[in-house]
Amino acid sequence: MPHRPAALLINGIAMKEVLMDAPFLLSASPRKGNGDTIARLLCQWAREAAAPGLPQLHFLRDVHVRPCTACGFCALHPGRCALDGVPADQAGTLLRAIRRAPRLILIAPIWFYGPPAQLKALVDRAQTFWEAGNARSTDTPARTAHLIFTAARQNGPRLFEASGLILRCFARQLGFAVPGEPLTLRGLDGPDDLQNNPAALEQLRCWSRTELGW
Ligand SMILES: Cc1cc2nc3c(=O)[nH]c(=O)nc-3n(C[C@H](O)[C@H](O)[C@H](O)COP(=O)(O)O)c2cc1C
C-alpha cells in the first residue's frame, strides 16, 4: 500500500513530507556527525531487511523550533500553543507528525549530561500535550519509542540518566510506550568517531536487530 503523505507546509515553510505509516526517525544533533551515521545505518539495515514500513529520516536541525515561553496559553486552551502559527515555528507541526507515527526512533548526543538545547526546546513544546492530558493515546497502543544516545566520555555511570528521563517523559506525552533501555554509545567525540569504532558499530548492529527487528 502506498505511503500517505501529510501536508507539512506551515507559514510558507516547507517541512519534509511525512509518511504517516513510517517509523519516525529523528536525529537531534545540530551537526553532521555520529547521529547521522547512526541514522544512515538504521535506514540501510531496514532496507536490507525489507522491514515493513521503512523509517523516514528527519533532522531536527532542519526544523524551526521556538522555545516555550511559559505563557500559560496551553493551560487555558487545551491542545493549543500560542506559538502555533507564529512565523518560523514548526514545532507544533513536527510534534503532531511524530504523534501520528507508529514508531519513534530518537537519536541524540549528550550535552552537559542532558539533551542538546534544540531538542530540549522541542521537548518543552510538548507541554501542550501534557496540558491537554492526552498522553498515551489508547487508539494505537502498540506504538513504541526507542532512544539512542552518543557521548564523548568513556566513564561516568550517570552520563545518560538525565536524557533518559527527559526523553522517556517526552515520548510518553506523545503517546508512545518506551519498552527498552536506551542504546548508549560512548567514546564518540569527533563527528566521524563512530565510523571508525568497530565495537560501537557492532553494538549498534546488535541493538538494531534486537530492538527494531532489522
Ligand atoms: C556543547 C556540548 C556539550 C557536550 N557535553 C558532553 C557531556 O556532558 N558528556 C559527554 O560525554 N560528551 C559531551 N559532548 C560530546 C558529544 O556528546 C559527542 O561528541 C557526541 O557524540 C556528538 O554526537 P554527534 O556527532 O551526533 O553530534 C558535548 C558536546 C557538545 C558540543
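I count a residue as buried if 20 or more other C-beta atoms lie within 10 Å of its own, as exposed if 12 or fewer do, and as partly exposed in between, with C-beta atoms placed from the backbone.

**Ground rules.** I'm working on a predicted model, where local features need pLDDT of at least 70 and side-chain atom pairs count only at pLDDT 80 or more, while totals for chains, interfaces and linings use all residues. I number residues from 1 along each chain as its sequence is written.

**Confidence.** I looked up pLDDT, the predictor's confidence in each residue from 0 to 100. The chain averages 90, and 87% of the residues score at least 70. Over residues 1–13 pLDDT stays under 50, and for that stretch the model has 28 contacts beyond four places in sequence. For contacts I take two residues whose C-beta atoms, placed from the backbone, lie within 7 Å.

**Whole chain.** I found seven helices and nine strands; these are DSSP runs numbered from the N terminus, helices being H or I of at least four residues and strands E of at least two. Of the 214 residues, 37% count as buried. Among contacts with a separation of 6 or more, 74% come from residues 24 or more positions apart.

**The sheet.** I traced an open sheet of five strands in the order S6-S5-S7-S8-S9, with parallel pairing. Its edges are S6 (56–59) and S9 (183–185), each pairing on one side only. Ignoring direction, neighbouring strands here are turned by 15° against each other on average; the axes are lines fitted to C-alpha atoms, for helices over the stretch in contact, and angles run from 0 to 180 degrees between N-to-C directions. Pairing needs at least two bridges found by DSSP between two strands.

**Strand S5.** I zoomed in on residues 24–27, where four bridges join S5 to S6 and the two run parallel. Phe24 stands opposite Gln56 in S6, and Ser27 stands opposite Phe59 of that strand. In a regular strand the side chains alternate between the two faces of the sheet. In S5 both faces are covered: Phe24 and Leu26 are buried on one side, Leu25 and Ser27 on the other.

**Around the ligand.** I listed 18 residues here, with Ser29, Gly33, Gly35, Pro109 and Arg153 coming nearest; a residue is near a molecule or strand if its C-beta atom, placed from the backbone, lies within 6 Å of it. The shell divides into 10 nonpolar, five polar and three charged residues. My classes are Ala, Val, Leu, Ile, Met, Phe, Trp, Tyr, Cys and Pro as nonpolar, Asp, Glu, Lys and Arg as charged, and the others, Gly among them, as polar.

**Pro115.** I found this residue in the loop between S7 (103–109) and H4 (117–125). Pro115 counts as buried because it has 23 C-beta neighbours inside 10 Å. Beyond four places in sequence, Pro115 is in contact with Ala28, Ala108, Lys120, Val123, Ser163, Ile166 and Leu167. I also checked Gly164, 49 residues away along the chain: its C-alpha atom and that of Pro115 are separated by 9.1 Å.

**Positive phi.** Phe112 has a positive phi of about 45° and is found in the loop between S7 and H4. Phe112 is exposed, since it has 8 C-beta neighbours inside 10 Å. Ala70 has a positive phi of about 55° and lies in the loop between S6 and H2 (73–76). Ala70 is exposed too, with 10 other C-beta atoms within 10 Å.
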